[in-house]
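Please open the structure in your viewer and keep the selection tool at hand.

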Amino acid sequence: MYSVLQNKNNIKFKFEKFPYIIIDDALPSDLYEELSSSFPKNEKIIGNNEYKENFAYRYNALNSLRDNEISNQWKEFIKYHTSYGFLEEFYDIFGQSIKKIYKAEKEKLFNENNIGVRFEKPNYFNLDCQFVINTPTSGETKVIEPHLDNPVEFYAALLYMKDKDDNSEGGNLTTYSFKDKPSFYGKSRVRENNVNLIEEIEYKKNRLVMFLNSPYSIHGVTKRSKTNFYRKYINIIGEFNFELFNYRAFLEK
């Protein structure tokens, strides 16, 4: 089984206003090592884009499933994480939080006939499973400050795939709660003096973090130390074809 949610005995639940889970050893070690060893080359993920230091490059499910250089094992992994079966697993874990935040039952969210791989065609609910790399950095550099994801996004899961020889520090996920009422500036950014740190989650191999997106799902990534290593992970996304909430109503003047 390829699911990043299969190791349910290791799930750590964080189900306050910002619902998320952490699973260490998310995949069986043999499967993880096989996938890690066939992770696409950095050059493929960067493609024809301009190279930038400490920058995120992505290779989406649609491209991967059509690419003869992507291993069959990865394709099976991607197919499952863009399937209705994975959505059912997600709902089994996050269903109560979904009902509390969005007041919606599963049958009103998605079904087998209204989902599909993102960018393949217009769908009511779109799924993606991306290879992601953050390029090396020549000095201590922040990846991203506290922010909110796109309001069309319903959930995101990050499977960290840190290289075994990577001894760099930082690049950890941070989760936050608002000190006061939600307040944003720019493109859904949040000022650090308006949030309290909930947790810093270390970037380490075979660790999964998954969260339900909402106006309270504020997160960021800590500074990375100087390194020649690429920060690698899989980003699993589910999103509607409409916005779930309007964070712009809170934008600071």
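**A charge over a ring**

Begin by selecting Lys232 and Phe39: in this predicted model, the charged end of Lys232 is placed over the ring of Phe39, at 4.7 Å from the ring centre. Next, select Lys52 together with Phe55. Here Lys52 lies over the face of Phe55, and the distance to the ring centre is 4.9 Å.

**The whole chain**

Now zoom out and display the protein chain as a cartoon. Five helices and twelve strands can be traced in the chain. Along the principal axes, the C-alpha trace spans about 45 × 45 × 40 Å. A compact globule of 253 residues would have a radius of gyration near 18 Å, and the value for this chain is 18 Å, so the two agree.

Of the 253 residues in the chain, 55% are buried. The accessible surface amounts to about 12600 Å², and carbon and sulfur atoms contribute 44% of it. Among contacts with a separation of 6 or more, 78% are between residues 24 or more positions apart.

**A tilted aromatic pair**

Return to the side chains and show the aromatic rings. How many aromatic pairs does a search of the whole structure find? The search finds 28. Select Tyr124 and Phe242, one of these pairs: the ring centres are 5.7 Å apart and the planes meet at 50°, a value between 30 and 60 degrees, so the pair is classed as tilted. Tyr124 belongs to the loop between strand S4 (115-117) and strand S5 (125-134), whereas Phe242 belongs to the segment after strand S12 (231-240); the pair therefore ties together parts that are 118 residues apart in sequence.

**An edge-to-face aromatic pair**

Finally, select Phe178 and Tyr216. These residues form an edge-to-face aromatic pair, with 6.3 Å from centre to centre and 80° between the planes. Phe178 is found in strand S8 (residues 173-178), and Tyr216 in the loop between strand S10 (207-212) and strand S11 (218-224). The pair thus links distant parts of the chain, 38 residues apart.

Compare the accessibility of the two partners. Phe178 has a relative accessible area of 13%, which is under the 20% limit, so this residue is buried. Tyr216, with 32%, is partly exposed.

Note on methods:
Residues are numbered from 1 along each chain as its sequence is written. This is a predicted model: local features need pLDDT of at least 70, side-chain atom pairs count only at pLDDT 80 or more; totals for chains, interfaces and linings use all residues. Side-chain values use heavy atoms; hydrogens and water are left out. Rings of Phe, Tyr and Trp (its six-membered ring) pair if their centres lie within 6.5 Å; planes under 30 degrees apart count as stacked, over 60 as edge-to-face and the rest as tilted. Helices (H or I, at least four residues) and strands (E, at least two) are DSSP runs, numbered from the N terminus. Buried means under 20% relative accessible area, exposed over 50%, partly exposed in between (1.4 Å probe, protein chains only). A charge sits over a ring if NZ of Lys or CZ of Arg is within 6 Å of the ring centre and within 35 degrees of the ring normal. The radius of gyration is taken over C-alpha atoms; the globule rule is 2.2 Å times the number of residues to the power 0.38. Contact means heavy atoms within 4.5 Å. Accessible areas come from the Shrake-Rupley method with a 1.4 Å probe; for residues, only the protein chains shown count as cover.
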